[in-house]
Amino acid sequence: MADDFYLRYYVGHKGKFGHEFLEFEFRPNGLLRYANNSHYKNEVMIRKEVYVNHCILTELKRIVEESEIMKEDDNVWPHPDKVGKQELEIVLNNEHISFTTSKIGSLLNVAESKDPEGLKIFYFLVQDLKCLVFSLISLHFKIKPVPV
């Protein structure tokens with residue numbers, strides 16, 4: 001079922017505070033790995049790992065499939081630059097695809113690109129994925145138990 005599914009996202013840059021990045025991946029066995037590295041105000045790297053069940057992987061696959069990102073091509077997307085880069089790697093239904101582009105500041109950057117429709121799909125998929133991951137990490141590591 002979920003054995004043929006893998007997803008990894010990375011966004012980062014190297015600048016005044018060193019290599020700062022956000023990265024997460026979902027492995028076929030349900031392992032969600034999350035890392036957030038920021039040296040701003042002497043912050044340290046945050047690393048979290050949690051296993052999610054097949055329902056989450058199924059929903060993740062649905063989100064990816066409905067986005068139709070697997071039909072896209074990043075050949076004319078903005079190349080990584082000094083502002084940073086984003087990477088999205090997906091293995092789904094015996095198909096393996098990898099995207100690399102620059103950081104996207106806003107939908108204006110998307111609209112001004114050579115492939116606004118494809119980049120828009122990427123942009124919104126990444127937003128959805130980040131919301132899901134932040135929710136899962138937050139729920140698992142910060143929720144206070146309900147008193148019985």
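## Charged residues: exercises

Lys-130 is buried but makes no salt bridge. Its nearest side chain of opposite charge, Asp-128, is 11 Å away. The model is predicted.

**Exercise 1.** Find where Lys-130 sits and which residues it touches, leaving out those up to four places away in sequence.

*Solution.* 
- Start with the element: Lys-130 belongs to helix H3 (residues 116–142).
- Next, the contacts: Lys-130 touches Tyr-9, Leu-22 and Phe-24.
- Last, the charge: a salt bridge needs the atoms within 4 Å.

**Exercise 2.** Work out which parts of the chain Arg-8 links through Glu-23 and Glu-89.

*Solution.* 
- Take Glu-23: its salt bridge with Arg-8 has closest N and O atoms 3.2 Å apart. Arg-8 is in strand E1 (residues 6–15) and Glu-23 in strand E2 (residues 18–26), 15 residues apart.
- Take Glu-89: the salt bridge with Arg-8 is 3.4 Å, N to O. Glu-89 lies in strand E5 (residues 85–92) and Arg-8 in strand E1, so this pair ties together parts 81 residues apart in sequence.
- Check burial, with buried meaning under 20%. Arg-8 is at 15%, so it counts as buried. Glu-89 is buried at 17%. Glu-23, at 26%, is partly exposed.

**Exercise 3.** Describe the salt bridge between Arg-62 and Glu-59.

*Solution.* 
- Distance: the closest N and O atoms are 2.5 Å apart.
- Place: both residues lie in helix H1 (residues 54–67), 3 residues apart, about one turn of the helix.

Key:
Residues numbered from 1 in each chain as written. Predicted model: local features only at pLDDT ≥ 70, side-chain atom pairs only at ≥ 80, totals over all residues. Heavy atoms only, no water. Helix = DSSP H or I, 4+ residues; strand = E, 2+ residues; numbered from the N terminus. Buried < 20%, exposed > 50% of the residue type's maximum accessible area, 1.4 Å probe, protein only. Lys, Arg positive; Asp, Glu negative; His and termini not counted. Contact = heavy atoms within 4.5 Å.
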